[in-house]
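Please open the structure in your viewer and keep the selection tool at hand.

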Amino acid sequence: MASDYEQTSWIKQLLKATVFAGAITGQLVMGYVGDLLGRNKAMAITIALAGIGALASALFAWGDDWAVYGIIAASRFILGVGVGGVYPLSATKAAEESETMDLQKRNLRVSLAFFWQTPGAIAPYIVTLILIFIVPSDEAQWRILFAVGAIPSVFILYGSLGTADSVEFRRNKGEISTWSLLQEKSNWHKLLGTGGCWLIYDVVYYGTNLFSPTIVGKIFGEGDDIKKEAWQNIVVQSAGIPALALGIWCQQRYGTKPLQFWGFLFIAVCFLILGILFEPLKDQPKSLFTLYIILLFSLNFGANITTFILPAEVYPSHVRSTMNGISAALGKVGAIIGTIIYQPIYDQFGITTLMCVAAVFALGGVVLTHFTIHPPKEIHNITQLTQPEAERELKDTEEADQMLT
């Protein structure tokens, strides 16, 4: 794309900022809409926005450099709102649609919903490689790539339309307002755990963006070749798949809090080891890359999963989507903090100090997890219904909706 339209550093930063702003907006707004209108209606809206944003980037970005990047920035904001809204809604839907009081069964569904995020992150790079081989025009390549991003939205939108929300949500909808919930100090304590730990994790995770190109470049070679970058990202992202699988297994066996506690500790140790050995191993790329892959494994193994699970685990159904959205938005704030603070640290003190700072943040996650995370042993606000009872209640709800309309 940069070969067709001049892309300065500030334009790159603008495009990143619009996605972050859109994601935070989507997490907050669509999380609230999920409690207000229902999970499936909110999911349909947020998925539609994601699809519109993807298609708009491909179809409407024409003109000079300013016009193209201006339209893409606006489209990416809309895309960010849609993608951001998926965070609270997908976790909430996965937990509630299990329709069981068995906490671990609910958490397994949430974990599996989260698992597909990593293969989904790899998919665009695979599509990029395919397009490079079959589409000769650079401009056609990036337009098709943006448009392809709308395809999953069509299937998810189709699955969301006309689907009833879970019995759990419908029985507890509107019990109290989110504002009333936040006035209780105990819920601020929960938010400190769910949102604060998510913020810390994203601060730590986004610190890797500064030194990743240095390490990966030593293995794959330096340069901005798009094929090389695609292969690099496929290899690096793939390291997260076995980590997620093992993390889900450990969560089922040991629980959410232990996994997050030891996961943050694992991250801290990996950052410290890589920080200490980075300079001695800078001329041994294979050893450095091995440590880097272990670090990526640690980042995907524990807190990456548990920060997504916990809001669906600890909040009651009538505000679950809203509080999940607030927690996820705090995570994105952490990502912004990470991108801001790490560059000056790197420029002033070097990569070893940067990694040690990241390790300290991870240790902060260990402490915060210990004192603020208290997952329930079971879900108390679900009324178990037999299948005939559930069908009867669904029919009553539909008749009431028809009378209102």
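Begin by selecting helix α4, residues 103-115. At 1.5 Å a residue, its 13 residues should span 18 Å, and the end C-alpha atoms are 18 Å apart, which agrees; the expected span is 1.5 Å times one less than the number of residues. Helices here are DSSP runs (H or I, at least four residues), numbered from the N terminus.

Before continuing, note that this is a predicted model, in which local features need pLDDT of at least 70 and side-chain atom pairs count only at pLDDT 80 or more, while totals for chains, interfaces and linings use all residues. Residues are numbered from 1 along each chain as its sequence is written, and side-chain values use heavy atoms, with hydrogens and water left out.

Which residues of α4 are buried? They are L103, R106, N107, V110, S111, F114 and F115. Buried means under 20% relative accessible area, exposed over 50%, and partly exposed in between (1.4 Å probe, protein chains only). An α-helix has 3.6 residues a turn, so residues three or four places apart point the same way.

At the start of α4, a side-chain oxygen of D102 comes within 3.1 Å of the backbone nitrogen of Q104.

Next, select helix α2 (residues 39-59) together with helix α3 (residues 65-96). Their axes come within 7 Å and cross at roughly 150 degrees; axes are lines fitted to C-alpha atoms, for helices over the stretch in contact, and angles run from 0 to 180 degrees between N-to-C directions. The two helices α2 and α3 are therefore roughly antiparallel to each other, a term for angles over 145 degrees. By class, the contact of α2 with α3 has 15 nonpolar, 9 polar and 4 charged residues. Here Ala, Val, Leu, Ile, Met, Phe, Trp, Tyr, Cys and Pro count as nonpolar, Asp, Glu, Lys and Arg as charged, and the others, Gly among them, as polar.

Move on to helix α10 (residues 185-206) and helix α18 (residues 351-372). They pack at an angle of about 165 degrees, with their axes 9 Å apart. That makes α10 roughly antiparallel to α18. Within α18, select F361. This residue is partly exposed, with a relative accessible area of 28%. F361 and D202 are 159 residues apart in sequence, yet 10.0 Å apart in space, C-alpha to C-alpha.

Then select V319 in helix α17 (residues 317-349). Is V319 buried or exposed? It is buried, with a relative accessible area of 1%. From V319 to N172 the separation is 147 residues in sequence and 9.5 Å in space, C-alpha to C-alpha.

Finally, select S166, in the loop between α7 (151-160) and α8 (167-172). S166 counts as buried, at 5% relative accessibility. A polar atom of its side chain lies 3.2 Å from the backbone nitrogen of F169.

Definitions and conventions
Polar contact = N/O pair within 3.5 Å; in protein donor to acceptor, adjacent residues only side chain to side chain. Parallel < 35°, antiparallel > 145°, perpendicular 65-115°, else oblique.
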